[in-house]
Amino acid sequence: MILIENTMLNGKGTDILIHENKIVRIGSDLQSETTGDMQVINGQGTAVLSSLFNGHTHSPMVLLRGFGDDLPLHQWLTDCIWPVEGQMTEEDYLMGYRLAFLEMIKSGTGFFNEMYMFPRLALKVLEEIPMKGLVNYPIIDGLDWESGKKQSEDCELFFKETIPPEGVQLGIAAHSIYANSESSLCWIRDFTSENNLKIHIHLSETEKEVEDCKAAHGGMSPVEYLHSLDFLSDRVLAAHCVWLSNSDMEILARMAVTVIHNPVSNMKLATGRAFPYAQLKERGVPILLGTDGAASNNNLDLFEEMKVAALLQKHQSGDPTVMTAGEIFHIASKGAADIFGTGGGDIREGAAADLILVDLDRPEMVPLTNITSNLVYSTSGNCVRTLISGGRILMENRMFEGEDEIRNKASVCAARLVGETL
Ligand SMILES: [Zn+2]
């Protein structure tokens, strides 16, 4: 059992009792009610909140942080990202996953939706660092189904032999309509439907993706093209969704597709348009927030992402009432928990014990007129003092066991990778 003493919930001092993976009691002076072995956390000077959900990321890309910044998208991919990715070894992937998980935990993220190579290595690291997440087997065949077929065979094997750690879900990632053949998209559609799996895909990120799709598929947009393949459903989580027409949004709403907003990556890569938040919200489309990979962000801090998301919507619409702090915090916490079905996302008895203690003894947290406003607009992920996931303490008082070793080894991997291609 874990007892958090004297933290603050909804403006009031309280204790929180955690048993196994759930919050079992919220109240005052719980110490006197409990007996037996108990780990006590002093919550003085903190507020307790749900940990955050990163709706779209490519974890090991943290190793490419700061490499090839400020280049045009195509040059960035062909000259920097793809050549380095081609040289990454198993050790690089392991260190990339470790560094990303460390960074997410230190900035308050307890759950992530992954899209990257070697999901088995992600699961191996999740045995060491028990975050929650959706780990997706990636299918990307470069429009060549011969290569896609091999991936699909290994994918079937992966699902046959894998028992994920507690709190970890498995799904499939299709990279995009421009990097996946039609046959691979249809295979993914059928396999995920038979096995009731989620699909994680990049969709309508750039104007070029839309124009190329229209040219290749008889005038259909990427959303219309996927719809024509019967690919879209409430199991699909589509990242970016920036270049959408009204008819695309109608289809996404009708098919109950979840869309994932990645504002920092979109702005850094000059996507040239803002995510149509108000129009998607009006149609009731479920929305997540993600950082994308660290190579196009350059961090995994969802506090920063919440702020940028809200500012971008206000700036673009000319309406400061669009996307309030409360709305974006909900998208990054309870809204996401409901989409991923974790049973958490808020602090109540019976909820999953996925929570953070944020430090209120910081200058940017004073005054505490509106804590949600401070969380979204004033502070950063550095305010997170303690993170508990599934009833396990992953960080306490900003101490993460083995942090120095992860940082040092990941630096060595990154220096070698980037050095080799310069
Ligand atoms: Zn991405």
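# Pockets, core and ring pairs

Visitor: Which element gives the most to the lining of the largest pocket?
Guide: In this predicted model, α1 (73–86), β8 (132–139), β9 (168–174) and α6 (207–216) each supply at least two residues of that lining. With 7 residues, the element that gives the most is α1.

Visitor: How many residues of the lining of the largest pocket are nonpolar?
Guide: The largest pocket holds about 1100 Å³ of space. It is lined by 42 residues, and Leu 77, Trp 82, His 175, Tyr 178 and Glu 205 are the closest to its centre. Of the lining residues, 11 are polar and 7 are charged, while the number of nonpolar ones is 24.

Visitor: Which element supplies the largest share of the lining of the second largest pocket?
Guide: At least two residues of this lining come from each of β1 (2–9), β5 (46–50), α12 (325–332) and α14 (371–378). The largest share amounts to 4 residues, and it comes from β5.

Visitor: Which element gives the most to the largest nonpolar core?
Guide: The largest nonpolar core has 109 residues, and Phe 101, Phe 231 and Val 358 have the most contacts inside it. With 10 residues, the element that gives the most to this core is α2.

Visitor: In which helix do Tyr 97 and Phe 101 both lie?
Guide: The count of aromatic pairs comes to 10. Tyr 97 and Phe 101 form a tilted pair, at 5.9 Å centre to centre and with 45 degrees between the planes. Both residues are buried. They are 4 residues apart, about one turn of the helix, and that helix is α2 (residues 90–106).

Visitor: How many residues apart in sequence are the parts that Phe 111 and Phe 340 tie together?
Guide: The ring centres of Phe 111 and Phe 340 are 4.5 Å apart and the planes stand at 35 degrees, so this pair is tilted. Phe 111 and Phe 340 are buried. Because Phe 111 belongs to strand β7 (residues 109–114) and Phe 340 to helix α13 (residues 334–340), the pair ties together parts whose separation in sequence is 229 residues.

Visitor: What is the volume of the largest cavity?
Guide: The structure holds 2 cavities of 30 Å³ or more. Gly 68, Asp 69, Asp 70, Leu 71, Trp 76, Lys 268, Leu 269 and Ala 295 line the largest cavity. Its lining divides into 4 nonpolar, 1 polar and 3 charged residues, and its volume is about 50 Å³.

Visitor: Which elements give two or more residues to the lining of the second largest cavity?
Guide: The second largest cavity holds about 30 Å³ of space. It is lined by Ser 51, Leu 52, Phe 53, Gly 110, Phe 111, Lys 132, Asp 354 and Ser 389. The elements giving two or more residues to this lining are β6 (52–57) and β7.

Definitions and conventions
Residues numbered from 1 in each chain as written. Predicted model: local features only at pLDDT ≥ 70, side-chain atom pairs only at ≥ 80, totals over all residues. Heavy atoms only, no water. 1 Å grid on protein atoms, 1.4 Å probe; cavity = no way out; pocket = protein on both sides within 12 Å on 5 of 7 lines; lining within 4 Å. Points joined across faces, edges and corners; volume = space filled by probe spheres on them. Nonpolar A, V, L, I, M, F, W, Y, C, P; charged D, E, K, R; others polar. Phe/Tyr/Trp six-rings, centres within 6.5 Å; stacked < 30°, edge-to-face > 60°. Buried < 20%, exposed > 50% of the residue type's maximum accessible area, 1.4 Å probe, protein only. Core = buried A, V, L, I, M, F, W, Y, C linked by side-chain atoms within 4.5 Å.
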